[in-house]
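Here are my notes on the model you sent over, written as numbered points.

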Amino acid sequence: MANKEAFLDRLADRLGRPRIRHGHEIKKPEWRRHPWDHLYKDDSQTELINRFEKSLTGLGGEVIRVPSLGQLRTHIHEWLEQNGFRKLISWKQSTPVGECLQQTLQSLQEHHVAFWDEDEEAQALIREAEQADVGFTVAEHGLAETGTVVLYNRGHCGRLVSLLPAVCAVILPGQKIVPRLTQLLPELEAHAPDYSCMNLITGPSRSADIEMDLSIGVHGPGRITIFLIEDKQ
């Protein structure tokens, strides 16, 4: 312990400031300049939606425009039939969008559908996610600049639903899209205590070895599809 304290004292001395002790209040710096706040600040929500789609498709992602939440069922059913997906896993999120997604998947007659339930046995849920063709989640935010979706994970909203299946399908309300990470970070502080983690996903999983050989889908889903709900409700 003495060596640890001596090390920290020496480190603080080298930094030219006193040691920060346990219980000491740390004040955040107040930056005089915010050089990135102006980016896309004049974009309309429609322009942000278009920028998000362009960013994501440029990375190999897919965006399906859904005019309203009421039409989500039709678009998901058509997409599943076109691709031949049969084994699905989804969140059980108690929001209007989450409940609409749950009802949509429960209406399927010829598919195996599992829902992530924190009261179920963990290994059984993991197996369902590993064997699923598609994992359905609901995004809290989208970042227009990078085509990123932001997922809040906890309880019935397990992170493995977006990581283990071959295809990641995300429901994103268009009104939840913000210009860039600059606008997202102030939102996270209020929500952080309520969730086990926050997952930022930007396009399909991409990996490269030392020979610069790009591989898709090695460390996560090789395909991502966003169902972007355009209405303002």
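1. Six strands form an open sheet in the order β1-β12-β7-β4-β2-β3, with parallel pairing. Its edge strands are β1 (62-66) and β3 (112-115), each of which pairs on one side only. On average, neighbouring strands of this sheet are turned by 20° against each other, direction ignored. Strands here are DSSP runs of E with at least two residues, helices are runs of H or I with at least four, and both are numbered from the N terminus. Two strands count as paired if DSSP finds at least two bridges between them.

2. A word on what you are looking at. This is a predicted model, in which local features need pLDDT of at least 70 and side-chain atom pairs count only at pLDDT 80 or more, while totals for chains, interfaces and linings use all residues. Residues are numbered from 1 along each chain as its sequence is written, and side-chain values use heavy atoms, with hydrogens and water left out.

3. Next, the whole chain. It has seven helices and twelve strands, and its C-alpha atoms fill a box of roughly 70 × 45 × 45 Å along the principal axes. Of its 233 residues, 38% are buried; buried means under 20% relative accessible area, exposed means over 50%, and partly exposed is in between (1.4 Å probe, protein chains only). Among contacts between residues at least 6 apart in sequence, 75% join residues at least 24 apart. A contact means heavy atoms within 4.5 Å.

4. Which strand pairs with β1? The partner is β12 (residues 223-229), and the two run in the parallel sense over five bridges. Within this pair, Val63 stands opposite Ile226 in β12. Helix α2 (residues 45-58) lies across β1, β7 (167-173) and β12, running at about 150° to β1. Helix α5 (residues 122-131) also packs on the sheet, where it touches β2 (87-90) and β3, and its direction makes about 125° with that of β2. For these angles, axes are lines fitted to C-alpha atoms, for helices over the stretch in contact, and angles run from 0 to 180 degrees between N-to-C directions.

5. Leu48, Ile49, Phe52, Ser55 and Leu56 are the buried residues of α2. They cover an arc of only 130° around the axis, so they sit on the same side of α2; the arc is that of the directions from the helix axis to the C-beta atoms. An α-helix has 3.6 residues a turn, so residues three or four places apart point the same way.

6. What covers that buried side of α2? The cover includes β1, β5 (141-143), β6 (148-153), β7, β8 (177-178) and β12. The face turned away carries the exposed residues Thr46, Lys54 and Gly58. Just after α2, Gly60 takes a positive phi of about 100°.

7. There is another sheet to find. This open sheet has four strands in the order β8-β5-β6-β9, with mixed pairing. Since β8 and β9 (197-202) stand at the edges with a single partner strand each, one side of each is left without a neighbour in the sheet. Strands β5 and β6 run antiparallel and are joined by three bridges, and Leu143 stands opposite Thr148 in β6.

8. Please also click on Tyr40, in the loop between α1 (2-15) and α2. Tyr40 is partly exposed, with a relative accessible area of 22%, and has a positive phi of about 60° although it is not a glycine. Leaving out residues up to four places away in sequence, Tyr40 touches Leu48, Arg51, Glu145, Pro179 and Arg180. Tyr40 and Pro179 are 139 residues apart along the chain, yet their C-alpha atoms are separated by 6.0 Å.

9. Finally, is Thr104 buried or exposed? Thr104, found in helix α4 (residues 96-106), is buried, with a relative accessible area of 1%. Beyond its neighbours within four places in sequence, Thr104 is in contact with Arg73, Ile76 and His77.
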